[in-house]
Amino acid sequence: MAVALLVAALTAALVCARTLRLGARRRLGGRRAAGTGSAVLAALPEFLLASVLATVVAVQWGWLPALGWYGPQWTVLPALALGLPAGAVLGRLLDDLLPGAFAEPWALSATARGIPGRRVARQAVRRCLPALLPNLGLFAVGLTGGAVAVEQVFDIPGLGRTTLQAALAQDLPVLQAGTLALVLLAAVVTAGCRLAARLLTGPALRDGALTTLHRPAPPARRVQPLVYAVLAAVVALGLPRDPLALDTGARLQPPSPTHPFGTDALGRDLLARVGHGAFDTLLLALGISAATLFLGVLLGLVPRLSGALVDTVNAVPPVLAALLVTAAVGSGATTPALAVTAVGWTALAAHTSALLRQERATQHLAATRSLGAGRWYLLRRALLPAVLPPVTRHALLRLPGIALALASLGFLGLGAQPPSPEWGLLLAENQPYAERAPWAVLAPAAALALLGALSVTAAGGLRRGGRRRGGRWRGRRTRTPFKPEGRTSAGNAERAEGKSQLTEVR
């Protein structure tokens, strides 16, 4: 977990490097959101990345050991498989907050006084960390308990794999001990992250002296229409084909005019299976993402009630949740969806709570409250407009992760069952033949990577109420929340005098 977190931190730094460089030079005016490369990296399945690293780096090149757990050399490949996707997600979240930090008054004053840009960039990262630390704690626990597939690939006797084996063997003492260890780890890590967030924020959180980090920004770079055309063409060409037709004489055939994507181990056409599996994978992932977004925002708005629940649920790996759901409602097509939904809302709830805590300490909220605004008005007009866009972008960034969680369950035999053409099951079925027939794995993996790119494009279009006027991005005008009491002549004179002073200041 420690090495994987280090890899994730380095990956996140690389994702945010361009924004930090431009922010240090005060050139963030027309900055676009980070490109789709980080989205593709975040969309790579951990077990697929682990299989590729074990096959290429360990077996073919012989640089590092492939199996076992006997020393520091055996930690490198599993840490890369776990840390690269997690670092890409954390980097995207940090890259979304950095422009707001560089636009705060302290950054402008520091630049005007000649403070080096590197120090300003470091302080900007420090300013954004409190909103990300809860998610970092969730990643730490998830890397420990949810890395069952990676532990399976590299034959690591980890805590998640041990708990899974105990659940399958109905070994209740080991299962209870493993689950208790995960819950205690979750409680310690999340408590440490919350304490660190309070220390980083300092007295500004108590005094309500913060400024909002979520400002109007230009949308993300649009994906070229060619990408949409390719995805539509794959689905359109694959639907007329039969995804279940067997041809044992054409097993693991390379791409050809007859089979553009090649065939799998049973001679089935991969283009047909990818095309037919698109609807199952995309619709199920979208439905689960919507459900987790709703639950995450709803429970994140009441952190005092949901804080302990987030810590407890996050400690349960999705695989163990799938086993619990199977024991409760039985196996079926809805089992993996219920399992992923049951544990997928925790990161969004933690993100909502962290943003809500900082927005409540902003100066404009204190000013609005002093004018007599009630709780419901503050929630509808100030808090939700500031919290919903970044959390929704976070949910869209996790859309490939939802598909990957379903794929991981399929890889371990707890998700979709054959002969379903679901993309995760396609990866699980063809993963043993990755060295002999790489096209059998590349087709569904490329589809998942494309899903990550499209989700990032959709997330970049969700910006907080800003529109372009005259080459500049300006916020949306808000109406006066309530009418001032006492419309007397003296009050009118005071307002007229205030307007004249405001005109002189402008």
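Student: In this predicted model, how are helices α4 and α18 oriented to each other, roughly parallel or roughly antiparallel?
Tutor: Angles under 35 degrees count as roughly parallel, and angles over 145 as roughly antiparallel. Helix α4 (residues 76–102) packs against helix α18 (residues 375–397) at an angle of about 155 degrees, their axes being 11 Å apart. The orientation of α4 and α18 is therefore roughly antiparallel.

Student: Which residues of α18 make the contact with α4?
Tutor: The crossing of these two helices, α4 and α18, is right-handed. On the α4 side the contact is made by Arg-92, Leu-93 and Asp-96. On the α18 side the residues are Pro-390, Arg-393, His-394 and Leu-397.

Student: What is the orientation of α17 to α18, roughly parallel or roughly antiparallel?
Tutor: Helix α17 (residues 363–370) and α18 have axes 11 Å apart and pack at an angle of about 155 degrees. That angle makes the orientation of α17 to α18 roughly antiparallel.

Student: Which residues of α18 make the contact with α17?
Tutor: α17 passes α18 in a right-handed crossing. From α17, Leu-365, Thr-368 and Arg-369 take part in the contact. Their partners from α18 are Tyr-377, Leu-378, Ala-382 and Leu-383.

Student: How far apart are the end C-alpha atoms of helix α12?
Tutor: Helix α12 (residues 270–300) has 31 residues, which at 1.5 Å a residue should span 45 Å. α12 also bends by about 35 degrees at Gly-277.

Student: Which backbone nitrogen does a side-chain oxygen of Asp-269 reach at the start of α12?
Tutor: The side-chain oxygen of Asp-269 comes to within 3.4 Å of this nitrogen. The nitrogen belongs to the backbone of Leu-271.

Student: How do α12 and α15 run, roughly parallel or roughly antiparallel to each other?
Tutor: The axes of α12 and helix α15 (residues 335–344) come within 9 Å and cross at roughly 30 degrees. The crossing is right-handed. The contact includes Leu-284 and Ile-288 of α12, and Ala-337 and Val-340 of α15. Given the crossing angle, α12 and α15 are therefore roughly parallel.

Terms used: Residues numbered from 1 in each chain as written. Predicted model: local features only at pLDDT ≥ 70, side-chain atom pairs only at ≥ 80, totals over all residues. Heavy atoms only, no water. Helix = DSSP H or I, 4+ residues; strand = E, 2+ residues; numbered from the N terminus. Expected span 1.5 Å × (residues − 1). Bend = angle between axes of the 7 residues up to and from the residue. Polar contact = N/O pair within 3.5 Å; in protein donor to acceptor, adjacent residues only side chain to side chain. Axes fitted to C-alpha atoms, helices over the stretch in contact; angles between N-to-C directions. Parallel < 35°, antiparallel > 145°, perpendicular 65-115°, else oblique. Left-handed = near helix turned anticlockwise from the far one by under 90°. Contact = heavy atoms within 4.5 Å.
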